[in-house]
Amino acid sequence: MPHYALHALDHDGALDRRLAHYEAHKAYLGGPLPVRIVVSGPLLAEDGETMIGSLFIVEAPDRAAVDAFHAADPFKAAGIWARVEITAFRMRQVALAQD
């Protein structure tokens, strides 16, 4: 099944709005979805603490399912993200070097 990367950057000054909708966003991600989330989490500012966006790697039957997933996210409805890029992604397994 194809994979997709969603890279979403917040509007400047959106942190308070993000925090106000954070529980609804997490509840959405924990419910039935049209995609399978492989990995996700907030993007952080250089301070390593302040949330400035979101990153998802998802598995989906097609781009339409990814678009539906994105469209239903409470963060989208709240207008938190200034820019969202959705890109097809080829997932590879990487062998880690052993000492």
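1. **Ile-57.** Ile-57 is in contact (heavy atoms within 4.5 Å) with Tyr-4, Ala-5, Arg-36, Ile-37, Val-38, Val-39 and Phe-89, leaving aside neighbours within four places in sequence. Ile-57 sits in strand S3. Helices here are DSSP runs of H or I with at least four residues, strands are runs of E with at least two, and both are numbered from the N terminus. Ile-57 counts as buried at 12% relative accessibility. Buried means under 20% relative accessible area, exposed over 50%, and partly exposed in between, with a 1.4 Å probe and protein chains only. C-alpha to C-alpha, Ile-57 and Met-91 are 9.2 Å apart in space, and 34 residues apart in sequence.

2. **Basis.** This is a predicted model: local features need pLDDT of at least 70, side-chain atom pairs count only at pLDDT 80 or more, and totals for chains, interfaces and linings use all residues. Residues are numbered from 1 along each chain as its sequence is written, and side-chain values use heavy atoms, with hydrogens and water left out.

3. **Phe-56.** Phe-56 is also found in strand S3. Its relative accessible area is 4%, so Phe-56 is buried. Not counting residues up to four places away in sequence, Phe-56 touches residues including Tyr-4, Leu-6, His-25, Leu-29, Val-39, Phe-69 and Trp-81. The C-alpha atoms of Phe-56 and Leu-19 are separated by 18 Å, at 37 residues apart along the chain.

4. **Glu-59.** Glu-59 lies in strand S3. At 18% relative accessibility, Glu-59 counts as buried. Leaving aside neighbours within four places in sequence, Glu-59 is in contact with Met-1, Pro-2, His-3, Val-35, Arg-36 and Val-38.

5. **Asp-10.** Asp-10 belongs to strand S1, residues 3-10. Asp-10 is buried, with a relative accessible area of 11%. Its side chain makes a polar contact with the side chain of Arg-18, at 2.7 Å. A polar contact is a pair of N or O atoms within 3.5 Å; within protein, one must be able to donate a hydrogen and the other to accept it, and residues adjacent in sequence count only if both atoms are side-chain atoms. Not counting residues up to four places away, Asp-10 touches Arg-18, Met-51, Ile-52, Gly-53, Ile-80, Trp-81 and Ala-82.

6. **Helix H3.** Which residues of H3 (residues 63-71) are buried? They are Ala-65, Val-66, Phe-69 and His-70. They cover an arc of only 135 degrees around the axis, which puts them on the same side of H3. The arc is that of the directions from the helix axis to the C-beta atoms. An α-helix has 3.6 residues a turn, so residues three or four places apart point the same way. The buried residues of H3 pack against S1, H2 (22-29), S2 (36-44), S3 (51-59), H4 (74-77) and S4 (81-89). Asp-62 caps the N-terminal end of H3, with a side-chain oxygen 3.3 Å from the backbone nitrogen of Ala-64.

7. **Whole chain.** The protein chain has four helices and four strands. From the N terminus, the order is β-α-α-β-β-α-α-β. The C-alpha trace spans about 40 × 35 × 20 Å along its principal axes. Of the 99 residues, 31% count as buried. Among contacts with a separation of 6 or more, residues 24 or more positions apart account for 71%.
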